[in-house]
Amino acid sequence: MNFFDTLYEKMDFYFITDERWRYFADGVKITLQVTAGALLIGLVIGVLVAIIRSAHDQNFRKDKTPGGLVMAALDAVCRLYLTVIRGTPTLVQLLLIYFFFLANVESKIMTATIAFGINSGAYLAEIFRSGIMSIDKGQMEAGRSLGLGYAKTMQRIILPQAFKNTLPALINEIITLLKETSICGYIGLNDLTRGAEIIGGATYEWFVPLFAAAMIYLAIVMFFTWVMGIVERRLRESDRR
């Protein structure tokens, strides 16, 4: 038996028999669904928390008016959220949300998406806050002097520049989020990693399924990195014009 015949038999054994390749196909689909949904949730949470914290630090730290007190309370809530989420393991958060906080939610994909979105939001918040704080205060003052309110100035002037400054860190967070979804199997969700484990259990051979899963993760990460690299280059080119 030559090399190619042996390779064909191995491929048939691991992936073709009983249509085991479907575990990878379905796993990739679930992994991308959870990642995309969690990223959207994380972006919303991250931007809101970043705006609240940066606004408090820049404009309301010593303000004792009712508005300043409200901002101080919101800032305290945001700080507590960041401390708890960044100080506890992602797996523990996922299990707590699945078994307790969202125990009545039937969709495991929804549960995982919310859990990872809440987790990612804490890290995105600090990324965006650093980007906002890196923008010169004169930009905000210039926008306000043109008659724009705080929200409009933040939306049209500050956030676009902050996004450009934080793009490399944002790419890293997206990649981290994608890889962290590999723990979804702990709540019975058949993601990519869980699919490899099922094939390993069926064949009693673990190396090839896990190696294949690792290569798929690597391919997805390389694709995201390539796409974001194009976006980053185009943003740099637009700055030069």
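The accessible surface of the protein chain is about 14,000 Å², and carbon and sulfur atoms hold 65% of that; such areas come from the Shrake-Rupley method with a 1.4 Å probe. This is a predicted model, where local features need pLDDT of at least 70, side-chain atom pairs count only at pLDDT 80 or more, and totals for chains, interfaces and linings use all residues. Residues are numbered from 1 along each chain as its sequence is written, and side-chain values use heavy atoms, with hydrogens and water left out.

Of the 241 residues in the protein chain, 37% are buried, meaning under 20% relative accessible area with a 1.4 Å probe.

Next, the elements. The protein chain has 9 helices and 0 strands; helices are DSSP runs of H or I with at least four residues, strands are runs of E with at least two, and both are numbered from the N terminus.

Now one pair of helices. Two packed helices are described by the angle between their axes and the distance between the axes. Helix α6 covers residues 137-145 and helix α7 residues 150-180; their axes come within 9 Å and cross at roughly 140 degrees. Axes are lines fitted to C-alpha atoms, over the stretch in contact for helices, and angles between N-to-C directions run from 0 to 180 degrees. α6 is therefore oblique to α7, since under 35 degrees is roughly parallel, over 145 roughly antiparallel, 65 to 115 roughly perpendicular, and the rest oblique.

Which residues of α6 make the contact? They are Q139, M140, G143 and R144, and on α7 they are Y150, T153, M154, I157, I158 and Q161. Contact means heavy atoms within 4.5 Å.

Methods: Buried < 20%, exposed > 50% of the residue type's maximum accessible area, 1.4 Å probe, protein only.
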